[in-house]
Amino acid sequence: MHRFIPLLLLALIASACVSTGDDATELPEVEATTTTSRAQRTTAADERADPTTTAAPDAEPGLAGLDVGDPGGDMSGLTAARLPGSIGDPTFPGIGNVGYDVTRYDVSLDFTGPEMQAQTVVTLTAQIDLEALNLDLVGMDVDEIRVDDEPALFNRDGRELIVRLPNPLTAGQSAEVLVAYHGTPEPIDTGEGLPFNLGFQARTWGNFVASEPIGAATWFPSNDHPQDKAIFAVTMTVPAGQSAIGPGQVVEESQGPDGSTTVRWEAREPMSTYLASIATGEFDVQTEVLDSGLVLRHAVHVDAIRATGDELQTTREMMEAFEEQFGPYPFATYGVLVVPEQLGFALENQTLSLFGTDIMSSPSAQPILAHELAHQWFGNNISPAAWDDIWLNEGFATWAEWWWTERIGGRDMTTVARTVPMDPIKDLTPDTLFDFNIYWRGGLTLEALRREIGDDVFGDILRQWTERYGGGVASTQNFLDLVTEIAGSDASNSVSQWIFSPTMPELPADR
Ligand code: TRP
Ligand code: ZN
């Protein structure tokens, strides 16, 4: 049995009783089991720092322009072993690459033909001297690679796209790696682990993306680890009658002679690859500019309009409440993408949270809208340094979801959650990364901290967290250090008990 409890179910528990509020003893239907850890931690600092980014020794370089065919190997990255040049993520040892820093992805996708025709320009800076570098890419046929406009030899091995640089790069030097590719992008089959396939999702009504944690490589070649954040531009060409939605804002739009539309979206704030998302199809886009200058734009598929009703009208109020609590919203735009699908989950894609009609039309719409909005601060602006820091995303978003739920007269979720025995947050595997303990024990961790140190100091910590790590990544240790600095070592000790201790601590009384 897998232990994943869909977010929908968790939030239904939260919202089932807007305005009851007195049945604190009623337990939710969550089963607590023991974690069997299959993770092998490979995070030793020396391993992480390994600076070699080289082609796999047995790699046969393909010639630029030749289709090298099925790359074979473990495409998914779910089980891939650590390569010499991988980041060495404890949960996904095979993903991401060290040796360079991506500053920008310029992704162009053409959906007017039977297959997707694509080109991605990756602008990167070498951090060490490089003769070759690896990108992550799952599926797709690679047609050509050029580095600073010179043809490059390349090969593929599982999800590694190995690029032999025509001219070696020295540390500090930048380059533009252009990858031309085509095919029908397919999501990664996660088997038993997560109840959804990751990455690019093609449907008869259009396309959308749900990548977290390792699915971005299904639609663009990337350094697919949250650590390497970059600025994104996505240009899409869609057939007549369709629209193309992307992160950030539209900066250019043109019509082709065949009635097709080409739209260019740009997100100017750094983003982790897993949060990049697009959608194509018949979308109704509503835009509103707030007094603060923040652009709200929601994109609702025409077949999802009825299910969406007026749920999105609370965004403005929610935004104002969160800005007061967490500090200014970190990006220039925000909005929700609603697709005509029963997803069973929502996902906090940067500036464009993804929802299906199931959640949108359920009583949990508001709590989950709050959850995904909170992720823009916690998870998106501050991203996890490694995947086992995931509670920094889900715990914070859950805390914010509970906070909002109470504000709108819903149930006090901490009184429900505190009575549920939950595994500590450690030894995470791909299968347990989004288990309910990450959400609920993570949420309780913050609530316990708030009760222990009081609202003011707690607020200071939240704002300092953003101040220091906004635009980048942070680890659990970074959080513990910040708590120690601002609230003292007793507070940070209890935070670490809440995260790591086999038995769950008692929640302090509210004061
Ligand atoms: N981060 C999502 C949330 O807000 C859950 C999630 C993780 C997810 N991976 C996903 C949703 C992939 C959709 C697809 O809780
Ligand atoms: Zn979440």
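## Polar contacts of ligand 1

A polar side-chain atom of H375 sits 3.4 Å from an oxygen atom of ligand 1, a polar contact being a pair of N or O atoms within 3.5 Å. On the nitrogen side, an N or O atom in the side chain of E394 is 2.9 Å from a nitrogen atom of the ligand. The protein covers 99% of the 370 Å² of accessible area that ligand 1 has on its own (Shrake-Rupley method with a 1.4 Å probe).

This is a predicted model, where local features need pLDDT of at least 70 and side-chain atom pairs count only at pLDDT 80 or more, while totals for chains, interfaces and linings use all residues. Residues are numbered from 1 along each chain as its sequence is written, and side-chain values use heavy atoms, without hydrogens and water.

## The shell around the ligand

Which residues are the closest to ligand 1? They are E212, F345, E348, E394 and Y439, out of 15 residues that surround the ligand (each with a heavy atom within 4 Å of it). By class, the shell has nine nonpolar, two polar and four charged residues. Here Ala, Val, Leu, Ile, Met, Phe, Trp, Tyr, Cys and Pro count as nonpolar, Asp, Glu, Lys and Arg as charged, and the others, Gly among them, as polar.

Helix 6 (residues 365–377) gives the most to this shell, with three residues. Helices are DSSP runs of H or I with at least four residues, and strands are runs of E with at least two, numbered from the N terminus.

## Two loops to look at

E212 also has a backbone feature: the peptide bond from E212 to P213 is cis, with omega near 10°. P213 lies in the loop between strand 10 (207–210) and strand 11 (230–238).

Another loop, between strand 3 (130–136) and strand 4 (141–147), holds M140. Phi of M140 is near 70°, a positive value in a residue other than glycine.

Terms used: Chains lettered and ligands numbered in written order. Polar contact = N/O pair within 3.5 Å; in protein donor to acceptor, adjacent residues only side chain to side chain.
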